[in-house]
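Dear colleague,

Please find below the structure I am handing over to you, followed by an account of what was found in it. I would be grateful if you could read the two side by side.

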Amino acid sequence: MSSINKETMFSNWHTMRWVALSVGIFLAVMAVWYQDAVTGLFSGFFIFQAVTNTGCMVSQSCGVPQTNQPENRSDQDKEIKFTEVK
């Protein structure tokens, strides 16, 4: 697991990071207001993701990796032959 430093916490604040922080703060207020521990755990989860820039929602780590594909792919140019099965 990577270490969390000041640079990670204070840089690269994009829109989804602000949204996660806002949701976490909102849930924290609701947890205190209704005295609900489960909502408090959810709020801690969202605040942790926002502050540390981790998780799928915040760091865009769930994207599909792009592979290095050559410019001239001959397998795409081949015609596919189908056989009808009855």
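The notes below begin with the basis of the values and then turn to the overall fold and to individual residues.

This is a predicted model, in which local features need pLDDT of at least 70 and side-chain atom pairs count only at pLDDT 80 or more, whereas totals for chains, interfaces and linings use all residues. Residues are numbered from 1 along each chain as its sequence is written, and side-chain values use heavy atoms, with hydrogens and water left out.

Overall fold. The protein has five helices and zero strands, where helices (H or I, at least four residues) and strands (E, at least two) are DSSP runs numbered from the N terminus. The order of elements from the N terminus is accordingly α-α-α-α-α. Of its 86 residues, 16% count as buried; buried means under 20% relative accessible area, exposed over 50%, and partly exposed in between (1.4 Å probe, protein chains only). Among contacts (heavy atoms within 4.5 Å) between residues at least 6 apart in sequence, 47% join residues at least 24 apart.

Ala20 is located in helix 2 and is buried, because its relative accessibility is 0%. Its C-alpha atom is separated by 9.3 Å from that of Ser43, 23 residues apart along the chain. Thr39 belongs to helix 3 (residues 37-52) and counts as buried because its relative accessible area is 18%. Leaving aside residues up to four places away in sequence, Thr39 touches Leu27, Met30 and Ala31. The side chain of Thr39 also makes a polar contact of 2.5 Å with that of Asp36; such a contact is a pair of N or O atoms within 3.5 Å, and within protein one must be able to donate a hydrogen and the other to accept it, while residues adjacent in sequence count only if both atoms are side-chain atoms.

Loops. Gln35, in the loop between helix 2 and helix 3, has a positive phi near 55° although it is a residue other than glycine. Asn53, likewise not a glycine, has a positive phi of about 55° and lies in the loop between helix 3 and helix 4 (56-59). Gln35 is exposed at 73% relative accessibility, whereas Asn53 is buried at 18%.

Yours sincerely
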